[in-house]
Amino acid sequence: MSSSSHMSTRTDQEIYLAPFETAITDAKPWTVMCSYNRLNGVAAAETHEALTDILRGEWGFAGFVVSDWGAVNERVPDLKAGMDLEMPASFGLRDAEIVKAVRCGKLSEKTLDEAVTRILTIVARYVEGRNPNAVFNKEADHALAREIAAQCMVLLKNESNILPLQKTQTAAFIGAFAEKPRFQGGGSSHIHAYKVESALEMAQAAGYPVIYAKGYETKDDMIREDLIAQAVKAAKTAKVAVVFAGLPDTFESEGYDRSHMRMPNCQNALIDAVAEANPNTVVVLHGGSPMEMPWIDKVKGVIMAYLCGQAVGGATIQILYGDVNPSGHLAETFPIKLEDNPSYLSFPGEGDSATYAEGIYVGYRYYQKKKMNVLFPFGYGLSYTTFSISNLQTSQKSYHADEIVTVTANITNTGTRAGKEVVQLYVLPVQQTDMVQRPVAELRGFEKVYLEPGETKTVTFHLNRRAFSYFHEEKLRWVTETGTYTLACGNSCENLTTKTDIFIEGETTLPTVITLDTTFGDILSIPGAKEQLKPFLSLMHDDSADDAMGESTANMMEAMIRYMPIRNLLSFTGGRVSTEDCQKLIEKLNQLL
C-alpha cells in the first residue's frame, strides 16, 4: 500500500493513464478514487500533476476525488494536490490538521472551499436526480445478470464441436464449483448476493440428465483419491464429462499478488483422470485471471467463465447447451507460464519500489514484439458458428494527422447459427526507427455485432490523431509520425484477416535539441542536416584504409559513424576539426529543428 511504482512518462501516458482518460472523457463519472501507492516516489494522493493538471485540467473532470480506504498520508498536501474526500473518517484528527493549516496560512481557505464545493455539488446532484419511486426488482436484475454473464464467457476450445451439449445426453458434472460456484472476488469486492445459482441446480431444473461428483475440496489443495475415483466412475457412465474448476478464494484475492499461475494440484489431477476416463471432456474455468493449463491437449472443450456474478450457473448452462452462442473475447493474453510475463524479472521489485521495466510492452504488445507463443492471444474467442471479416476500407488513402480517419469492414456469418462476433481494429505503426520504439500493433477499436446465418453487416470506426500517436518523452506531448500505417481487422490480435495501408502526414520525429552528445544517425533524420554534415563526415573517412581491418571495414565504419556523437569529430578527424567548429555546426543544426 506504500510501494512506489517507477515508470517512464511515456509508459504512464500510453498504458496506464489512457484507459482512465477514456472513462473520464466519455462516461463523465461523478467521482474518482485515488490509489494507495506512490508514483515515481510521490504519493498518489499528493500528485498535483495527476489529480489537478491532468484529471481536471486536460480531461475536464468536474466531480470530486475520494481516497481509497486508508490511503491518506498527509491530509493538507493531499488537499493542495486535488484529493477532496478522505475515507474512512479519521475521527476528527485530520480535520484538525486542515483547520490548523488554514489558520496558520499553510493552506489557503480558497483551496479548502473548492474541495468542499466539489463534494457538495455531487451530493446536490444526487438528491436532485434521485427517484423516490424507484423499485428494486431483484428478479429482473437477476435475469439481466444472467444475460450479461452469458455474453462475457469465452469459449477457448471446441475440438470436434464437442459443444454445445445435446440436451438428451447424460452429462457428468464434476467439481465442487458445479454445486457451489466461485462467482466473485475476495476482500472488499465481496458482496452478499440476492441469490446464487449453480450450474448443477440449473441443469437439473431444466430437466437435463446430469450426474454429479464433487472431485475436490476447495478449503485445501489435497488430492483425494476417493473423490477422484468417484469422479472417474461418473465420467465413465456419462456421454460427456464437464469439469468445473479454476481458482479458489485462497489462490487470488484483493490485497496481494499471485505468486504463480497454477491451478490447484487437486484440480489438475482430477482433470487428467477424468479426461483419461472419458475422451469427451469439457472444462469450465472460474477465476479472475489467466491460469496455466497443463491438461489443455487432453480435453476437447474449455470455457472461461471468469467471475460472472450471482447468475453464473444459469449463464453457464445456456452456453453449455447452446441456448446462447458464446461471444466473449479475451481482454488479456493467456501466457503459457508465469515466466513468460513481461514483468516477471522486475516485479514486485526490491523493498518498497517496483520498476515497470517492460515499459510500453505490456500484454499483447510484448508477446507480439517477442514473437512468443502464448496459450491464447489477446482478443481471442470462439463461437458455435463461423464468421468472415473482410473488405477493410478507408474513405481516402492519405490523411493529415488532424483529420478523422473513417474505417469500414464487412463481417459475414458464414455458419449455420445466429451469433455475435467482436470485430477488432488494430493500427500497425510506421516501421520502428532509432528515434522511437513502437509496438507491432495496437487495438484502436472494437464492435460486437449480431448476425443471422448468411447475414453481412458493415462495421464503421472513426480514428483520431491519438490512434496513430505516441507520447514523446522530451517534448511531453503526443506526436504523430509522418509515414505509412497499416490498418487491420480481425477477431483477435493474432487473427487479422483484412488489411489496408494509409499515409498520415504528421511530423518527423526529430531530436528536441542538438548537443555534442547527439549522434550522427539522429542528426541525419533531420531534413537538410545531411548537407551540413557532409564536409565533416568526409574528414572521418580514409579511402586508403577501406580494408585495414578486414573486408568488413567499410561497413563497420559506416555503422560506427551512425552511432558516434558530434564530439567524436575532435578525435577521428586527425585534428582538423576544433571545438569551435563543432559548436558552429551545432548552432546550424539546431536552426533546422
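Predicted model: local features only at pLDDT ≥ 70, side-chain atom pairs only at ≥ 80, totals over all residues.
1. A disulfide is a covalent bond between the sulfur atoms of two cysteines. Since the sulfur of C493 is 14 Å from the closest cysteine sulfur, that of C489, the separation is too far for a bond.

2. Overall dimensions and composition. The secondary structure of the protein comprises 17 helices and 22 strands. Taken along the principal axes, the C-alpha atoms fill a box of roughly 90 × 75 × 50 Å. Of the 593 residues in the protein, 46% are buried. Among the contacts between residues at least 6 apart in sequence, 73% join residues at least 24 apart.

3. The nonpolar cores. In soluble globular proteins, nonpolar side chains tend to be buried together. Here the largest nonpolar core has 72 residues, and those with the most contacts inside it are F173, I174, L285, M293, W295 and L320. What does M293 touch, when residues up to four places away in sequence are not counted? The partners of M293 are L156, L285, V302, F334, L375 and F376.

4. Helix α17. This helix covers residues 579-590 and has 12 residues. From its first C-alpha to its last, α17 reaches 17 Å, close to the 16 Å expected at 1.5 Å a residue. The buried residues of α17 are C582, L585, I586 and L589. Why do they count as lying on the same side of α17? They cover an arc of only 100° around the axis, and therefore they share one side of the helix.

5. The acidic residue D340. D340 is placed in the loop between α11 (312-320) and β12 (353-355). Is D340 buried or exposed? With a relative accessible area of 9%, D340 is buried. The side chain of D340 makes a polar contact with the side chain of K337, at 2.9 Å. Not counting residues up to four places away in sequence, D340 touches P335, Y366, Y367 and M372.

6. The strand residue E447. E447 belongs to strand β17, which runs over residues 442-451. At 39% relative accessibility, E447 counts as partly exposed. Leaving aside neighbours within four places in sequence, E447 is in contact with E421, V422, V423, V459 and F461. E447 and L425 are 22 residues apart in sequence, and their C-alpha atoms are 8.8 Å apart in space.

7. Cis peptide bonds. P88 is found in the loop between α3 (75-81) and α4 (93-103). The peptide bond from L163 to P164 is also cis, with omega near 5°. P164 lies in the loop between β6 (154-158) and β7 (171-174).

8. Positive phi angles. Phi of N40 is near 50°, a positive value in a residue other than glycine. N40 is found in the loop between β3 (38-39) and β4 (42-43), and at 39% relative accessibility N40 counts as partly exposed. Phi of Y306 is near 55°, again a positive value in a residue other than glycine. Y306 lies in the loop between β11 (301-304) and α11. Y306 counts as buried because its relative accessible area is 18%, and buried means under 20%.

Terms used
Residues numbered from 1 in each chain as written. Heavy atoms only, no water. Core = buried A, V, L, I, M, F, W, Y, C linked by side-chain atoms within 4.5 Å. Buried < 20%, exposed > 50% of the residue type's maximum accessible area, 1.4 Å probe, protein only. Contact = heavy atoms within 4.5 Å. Disulfide = S-S within 2.5 Å. Helix = DSSP H or I, 4+ residues; strand = E, 2+ residues; numbered from the N terminus. Expected span 1.5 Å × (residues − 1). Arc of directions from axis to C-beta. Polar contact = N/O pair within 3.5 Å; in protein donor to acceptor, adjacent residues only side chain to side chain.
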